[in-house]
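Please look over the sequence and the model shown here before reading on. The report below takes up charged side-chain pairs and then a sheet.

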Amino acid sequence: PGLAKRFGDTSAWDNGAEPRCIAISPDGKFGLTGNTSGSIRIWDLQTGLMTRELAQHDGWVGALAFAANGGTFLSIGYDGVLRVWELPGGTLKQSFKTATTSAISLAVSADGSRATASSKDRCGFEVFSLVDGSVVARLPGHETAASRVAMNVDGTVVVSKSFDRSIKGWDVASAHELWSASDADPQAMLFLSADGQTLLSNAYA
């Protein structure tokens with residue numbers, strides 16, 4: 001009772017919980033919405049119903065990302081806390097405090113070992129170990145904040161795009177820039193193949 005709210009029904013966004021970010025599981029079964037209230041809502045995409053609400057972050061949920069296994073997802077809030085959850089129940093498995101406040105993008109490696117997140121308030125960003133929350137690398141970033149981030153399968157390569165309309169590839173071990181290119185749409189989504197060799201950036205018409 002109380003959780004039977006349908007995805008896309010604006011009446012579901014009560015108590016100030018307006019959605020700020022979304023994620024969909026790789027198998028298409030689950031959807032997530034991160035909200036201005038700090039809560040995360042889990043949706044059954046077969047029925048369109050909300051199945052659970054998780055209230056953990058202090059302030060807005062900035063970004064969400066699924067791991068490749070589809071059973072694990074990550075959230076990072078404007079409070080700078082990175083959390084690791086498990087489905088279907090939304091069990092909190094790990095929680096790390098980071099320096100990435102006001103997060104706007106989040107990516108996790110396919111093997112689930114590393115994550116990276118960018119902030120609207122900083123040009124640079126970090127790569128984190130999901131084993132202990134330690135900072136694996138600090139990447140210098142762009143001239144302005146990175147709007148999107150992506151990782152390869154083991155988190156050794158990161159690609160970021162920025163509001164300055166550049167896209168850059170990074171070697172995590174050395175924290176050095178591998179390459180740079182231009183992109184017309186800094187808000188468009190960013191996808192990196194598991195081997196780190198192919199990059200897809202969509203554009204809005």
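Glu53 is partly exposed, with a relative accessible area of 35%, whereas Arg41 is buried at 1%; here buried means under 20% relative accessible area, exposed means over 50%, and partly exposed lies in between, with a 1.4 Å probe and protein chains only. These two residues form a salt bridge in which the closest N and O atoms are 3.1 Å apart, a salt bridge being a side-chain nitrogen of Lys or Arg within 4 Å of a carboxyl oxygen of Asp or Glu. The pair links distant parts of the chain, since Arg41 belongs to strand E3 (residues 39-44) and Glu53 to strand E4 (residues 49-55), 12 residues apart. Strands (E, at least two residues) are DSSP runs, numbered from the N terminus.

The model is a predicted one, in which local features need pLDDT of at least 70 and side-chain atom pairs count only at pLDDT 80 or more, while totals for chains, interfaces and linings use all residues. Residues are numbered from 1 along each chain as its sequence is written, and side-chain values use heavy atoms, with hydrogens and water left out.

## Other salt bridges

The structure holds 4 salt bridges. Side chains of opposite charge can pair when their charged atoms come close. One of these pairs joins Lys120 and Asp121, with the closest N and O atoms 3.4 Å apart; Lys120 is partly exposed at 44% relative accessibility, and Asp121 is likewise partly exposed, at 49%.

Another salt bridge brings together the side chains of Glu126 and Arg122, at 2.9 Å from N to O. In this pair Glu126 counts as buried, with 7% relative accessibility, while Arg122 counts as partly exposed, with 28%.

## An open antiparallel sheet

In the order E9-E10-E11-E12, 4 strands form an open sheet with antiparallel pairing, where two strands pair if DSSP finds at least two bridges between them. The edge strands, each pairing on one side only, are strand E9 (103-108) and strand E12 (135-139). On average, neighbouring strands of this sheet are turned by 20° against each other, direction ignored; the axes are lines fitted to C-alpha atoms, and angles run from 0 to 180 degrees between N-to-C directions.

Strands of a sheet pair through backbone hydrogen bonds, either parallel or antiparallel. Strand E9 and strand E10 (residues 114-119) pair in the antiparallel sense over 5 bridges, and Val108 has Ala115 as its bridge partner in E10.
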